[in-house]
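Visitor: I am new to reading protein structures. Could you walk me through one, feature by feature?

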Amino acid sequence: AAACSINTGGVGQMQDGAPISGNIGRNMDQVTFTVLSARGWQCSGTTKADFDLTTVATRSIPLSCSDGAKGNGIVALNQYSNQATMTFALDDGREGSVAFGSM
């Protein structure tokens, strides 16, 4: 059984090289992926916590951003390395990826 709430941090960068950070928050059967920029914006999306973790799972997650942008993130979970990565693209052309530590 999952704990009430689990948070996992991550780091990454935008397509232009700007650093970003991220967070995965798990609460009951929901997982929220958040990307944070030092430039002041953040994007997040939530999905059900029903990943098949037998090998590697991928999931597409719609993202909404604090500055009005929308986009899509592709999350890949790897049970064996206890890591997740999210690559994302926003409708204003911004792209980036975040690698998250142990799940």
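**Surface first**

Guide: The protein chain exposes about 5,700 Å², and carbon and sulfur atoms supply 51% of that area. Keep in mind that this is a predicted model.

Visitor: How many of the 103 residues count as buried, as a percentage?

Guide: The figure is 33% of the 103 residues in the protein chain.

Visitor: What share of the contacts joins residues 24 or more positions apart?

Guide: Count the contacts with a separation of 6 or more. Residues 24 or more positions apart make up 27% of those in the protein chain.

**Strands that pair**

Visitor: Let us take strand pairs. In which sense do β6 and β7 pair, and over how many bridges?

Guide: They pair in the antiparallel sense, over eight bridges.

Visitor: How many bridges join β7 to β8?

Guide: Six bridges join them, and the two strands run antiparallel. β7 and β8 form a hairpin with four residues between them. G93 sits in the turn and has a positive phi of about 100 degrees.

Visitor: Which residues of β8 lie on its covered face, and which on its uncovered one?

Guide: G96, V98 and F100 make up the covered face of β8. E95, S97 and A99 make up the uncovered face.

**The core**

Visitor: Let me try F88. What is F88 in contact with, leaving aside neighbours within four places in sequence?

Guide: F88 is in contact with M14, I20, V35, L63, N72, G73, R94, E95, G96 and S97.

**Rings**

Visitor: How do I read aromatic rings? How many aromatic pairs are there?

Guide: Check the distance between ring centres, then the angle between ring planes. The count here is one aromatic pair. F33 and F100 form this pair, with 6.1 Å from centre to centre and 65 degrees between the planes. Planes over 60 degrees apart count as edge-to-face, so this pair is edge-to-face.

Visitor: What lies over the face of W41?

Guide: R94 does, at 4.5 Å from the ring centre.

Visitor: Let us compare single residues. Is C43 buried or exposed?

Guide: C43 is buried, because its relative accessible area is 1% and the cut-off for buried is under 20%. C43 has its place in strand β4 (residues 42–48). Not counting residues up to four places away in sequence, C43 touches F33, T34, V35, S64, C65 and L90.

Visitor: And S21: what is its relative accessible area?

Guide: S21 has 28%, so it counts as partly exposed. S21 lies in strand β2. S21 and G10 are 11 residues apart in sequence, yet 5.6 Å apart in space, C-alpha to C-alpha. Beyond neighbours within four places in sequence, S21 is in contact with G10, V11, T34, V35, L36 and V98.

Visitor: Last one. Where is M28 found?

Guide: M28 is in the loop between β2 and β3. M28 is exposed, with a relative accessible area of 55%. Its phi is near 55 degrees, a positive value in a residue other than glycine.

Definitions and conventions:
Residues are numbered from 1 along each chain as its sequence is written. This is a predicted model: local features need pLDDT of at least 70, side-chain atom pairs count only at pLDDT 80 or more; totals for chains, interfaces and linings use all residues. Side-chain values use heavy atoms; hydrogens and water are left out. Rings of Phe, Tyr and Trp (its six-membered ring) pair if their centres lie within 6.5 Å; planes under 30 degrees apart count as stacked, over 60 as edge-to-face and the rest as tilted. A charge sits over a ring if NZ of Lys or CZ of Arg is within 6 Å of the ring centre and within 35 degrees of the ring normal. Buried means under 20% relative accessible area, exposed over 50%, partly exposed in between (1.4 Å probe, protein chains only). Contact means heavy atoms within 4.5 Å. Accessible areas come from the Shrake-Rupley method with a 1.4 Å probe; for residues, only the protein chains shown count as cover. Two strands pair if DSSP finds at least two bridges between them.
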